[in-house]
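Please open the model in your viewer and keep the selection panel at hand.

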Amino acid sequence: MSSLRSVSVDLNNDTSLLIDIPDALCERDKVKFTVHTKTTLSTFQKPDFSVPRQHEDFIWLHDALVETEDYAGLIIPPAPPKPDFEGPREKMHKLGEGESTMTKEEYTKMKQELEAEYLAVFKKTVQVHEVFLQRLSSHPVLSKDRNFQIFLEYDQDLSVRRKNAKEMFGGFFKNMVKSADEVLISGIKEVDDFFEQEKTFLLDYFSKIKDSTAKAEKMTRSHKNIADDYIHISATLNSICAEDSTPNKKRCNRNLSTHFWNLNLILFSFLFFNACLQKVEGRVASDQELKLTELLRYYMRDIQAAKDLLYRRARALVDYENSNKALDKARLKGKDIAQAEDHQRQCLQKFDKLSESAKKELTSFKGRRVVAFRKNLIEMAELEIKHAKNNVSLLQGCVDLLKTN
Amino acid sequence: MASSSERNPPPFPASEKPEPGLSDMADGDSDSDEGADIFVSNSLPTSVSRGVSQPEEPADLFGQETPTAKPNRVYSDDDDLFAEAQADLSSDTPGNSARKDLSTSSGLPSARSPAALQPTSLEQLEEEEAKDCFDVDVAVTNPEKVGDGMNAYVAYKVSTRTSLPIFKSKVFSARRRFSDFLGLYEKLSAKQSLHGCIIPPPPEKSVVGMTKVKVGMDDPSSVEFVEKRRAALERYLQRIVAHPLLLQDPDVRDFLEREDLPRAVNTQALSGAGFLKMINRASDAVSKMTIKMNESDTWFEDKFQEVDTEEQQLRKLLAVVDSLVSHRKELCVNTAVFAKSMAMLGNSEDNTALSRALSQLAEVEDKMEQLHQEQAGTDFFIFAELLADYIRLLGAVRGCFDQRVRAWQRWQEAQSTLQKKREAEAKLLWANKPDKLQQAKEEINEWEAKVTQYERDFDRIGMTVRREVLRFEKEKAKDFKSQIIKYLEAMLQSQQRLVKFWEAFLPEAKAIA
């Protein structure tokens, strides 16, 4: 599984806090993750411990971080998406319905294929939850967050806390402002070149990567369809071959059964090839899924998180500008000037602090992204080469077998 | 086939020597063939039914037969070849038969192989035989739209290259339209002399496809349709000339040779899925006949069942392959779209090296799209069309079986008529009407002759069917084998190119910094 964790890269190489998800259970609709922590930090009670966590706990943690004012200047790692077994489940349902129309072998194969798909979804969700935690643990500021520590350590059920948190934060806050994002960010008169460039880049890049993600998903689905077709072809060839060896045929073909032009043999080789090809195609589909599509999907979400940061900075700027206006008004009226000055100073401070932090975050984000892309693209290319070479030898073997017979 | 003399009709079983092994065709003295019939293996069917296990495969004779396995091109000399299969007929001269053991490892026993001609592989063997062959090469090429509007049609160039003396020249061609091909089939299937033979069916009419073409031949779906049809017509002709009896048929020769052919008019029956409908209707008619055939030879029943089952399975397979083709086409589209999207992302990327890598990735995906496109073509033209051809051919096989049943019924009916005539004669004898008696006697003679004739016909058609089926099965195995090899080889090439594409991309990915 460790080979799958290349969407996010830790640039710090700091080993004082190591987190992984070694284990996960699927109970009906719920996935229970085992979050394992190994630490040398004294802030934790034990150096090595594990806790069970649900997806909702991760969301709670993410939201808590987003709502923390102190972290306004940071890119909060995107929340892991909810485990979605809908796809394979629906297919499993369809398969059950169509069971009567297919042979036993075909049904078994399809079932196996679906189980593999299910497993792939499972692995993916574990990976994405793990990466979330690892991003936090490698961040100089976020790794020290109190809620994060609770998440890692608290050995009781977090659901009570979660409910309280929801009431505290309202929950609607995030969604409410989402739509105002882009308008606000683009509308800001930017004095800082760095942020001007970042803004332009991120807005454009986000729309492109969102598009690429969608197209990559479609492409992967096509590969899966083809893999399924190969299963059906194998199954049908299988039943043809089986038919060829029924007693009836044996009687008629008594003389032909030893003949090297036996159609049975030919079809059998083809069947063998098909079965392998189906496995390989299926694997190509899932590897491509993991490497390219997951990479794009992850960074799409990450860029959204970066955009959120820009948004918060824009809001802080607006606050500052408003405080200026309020100060002018106060000066005009001659009332509450000190108060207004104070407020204005605070806003400026907040804005400056946020800007400084944001600059750091965005720069390191850039670096992280480039490294992650590099790693993934290399791994993907290597996998494609490996699969294709496998196919070549498989095909060569089949062709040789057929030709020499 | 090399014989300049007229070919003899298939001899009746009675006159056949029960010669199990037959000599191979392509020894050096294939010129010495006596023009005797290749289907001497008439002896084979009887021996099969007697349950005698033949160590030799007389049907090896047919092994070298046809180029039916090659759609879209005229077969080359290196491939499985045709007529040498018929060239040397030494059933009449068993003494000098040089029995070649064609099997390599399956070790068919008791074959004296001339040491010099012991091949190490089947291909080598076939190559050697190819050099001695007398052949017929047909190709269908150059589809051209003739005329305009709804009366337009597509004319194809039918080229023949042959050294057979039954043809007027060695290389010639003619222009034919689709209905000409259908007309040829109509003529052949109506012939009594060819009853029991498996006559290869032509591709089906398609109103939708043709209408598009009539309107304009330029868009990709029209191009594909015309190519599909051209390839199918070529395979159709190749199968016909591969059939020894059909090749001799004057109508076939006319079709290949004549400058102008009278318009075939009655091709409506073959429209749409008409061909199979026709076969099925005939089957139904047969099964509805009151006199049920009592089958003395279970071979026919068993075989018929097999053919039926196989046809169903091929249909099922074809449905999945069709699905594969359409999914692959979808993959093409999705890959192309993704490549464009990747290119845009690459443009957007501000890190130079990453930007270049993403653009390269977009190019690789573009190349993949082309690969997928070609693969879809292979899936279709090699795999799917093979299945479609054989589904139609199996229908034709079923048709032969039905013809045999009808022959049996005709014989039975003649027998019962004869019986009635005899009873009538007896009545007349008893009633003592000498004038009518004479007529009755004449009628009895007439019907006795008919009974004998029909019985002979029935036996003969039975022989023909057996022989044809065995030949067909050989053909089928060869066809499938060569097509599958082609399919796999195309895939192999595609995967090799894939490796190259990604290997070229890898350094770009590694260069990201």
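How exposed is A:Lys366, in terms of relative accessibility? At 23% relative accessibility, A:Lys366 counts as partly exposed, where buried means under 20% relative accessible area, exposed over 50%, and partly exposed in between, with a 1.4 Å probe and protein chains only.

Before going on, note that this is a predicted model, in which local features need pLDDT of at least 70 and side-chain atom pairs count only at pLDDT 80 or more, while totals for chains, interfaces and linings use all residues. Residues are numbered from 1 along each chain as its sequence is written, chains are lettered from A and ligands numbered from 1 in the order in which they are written, and side-chain values use heavy atoms, with hydrogens and water left out.

**Stop 1: a pair within chain A**

Helices are DSSP runs of H or I with at least four residues, strands are runs of E with at least two, and both are numbered from the N terminus. A:Glu198 is buried, with a relative accessible area of 5%. Over all chains, the structure holds 51 salt bridges.

**Stop 2: from chain A to chain B**

Select helix 11 (residues 337-404) of chain A together with helix 12 (residues 434-510) of chain B, whose axes come within 8 Å and cross at roughly 160 degrees. Axes are lines fitted to C-alpha atoms, for helices over the stretch in contact, and angles run from 0 to 180 degrees between N-to-C directions. That angle makes helix 11 of chain A roughly antiparallel to helix 12 of chain B, as angles under 35 degrees count as roughly parallel, over 145 as roughly antiparallel, 65 to 115 as roughly perpendicular and the rest as oblique. By class, the contact of these two helices has 22 nonpolar, 4 polar and 9 charged residues; Ala, Val, Leu, Ile, Met, Phe, Trp, Tyr, Cys and Pro count as nonpolar, Asp, Glu, Lys and Arg as charged, and the others, Gly among them, as polar.

Next, pick A:Lys389 and B:Glu503, which form a salt bridge with the closest N and O atoms 3.3 Å apart. This pair crosses between chains, from helix 11 of chain A to helix 12 of chain B. A:Lys389 is partly exposed at 45% relative accessibility, and B:Glu503 is partly exposed at 36%.

**Stop 3: within chain B**

Move to B:Asp308 and B:Arg398, a salt bridge whose closest N and O atoms are 4.0 Å apart. B:Asp308 lies in helix 10 (residues 298-348) of chain B and B:Arg398 in helix 11 (residues 352-431) of chain B, so the pair ties together parts that are 90 residues apart in sequence. B:Asp308 is partly exposed, at 23%, whereas B:Arg398 is buried, at 8%.

Finally, display chain B as a whole: its secondary structure comes to 12 helices and 3 strands, and buried residues make up 56% of its 513 residues.

Note on methods: Salt bridge = Lys/Arg side-chain N within 4 Å of Asp/Glu carboxyl O.
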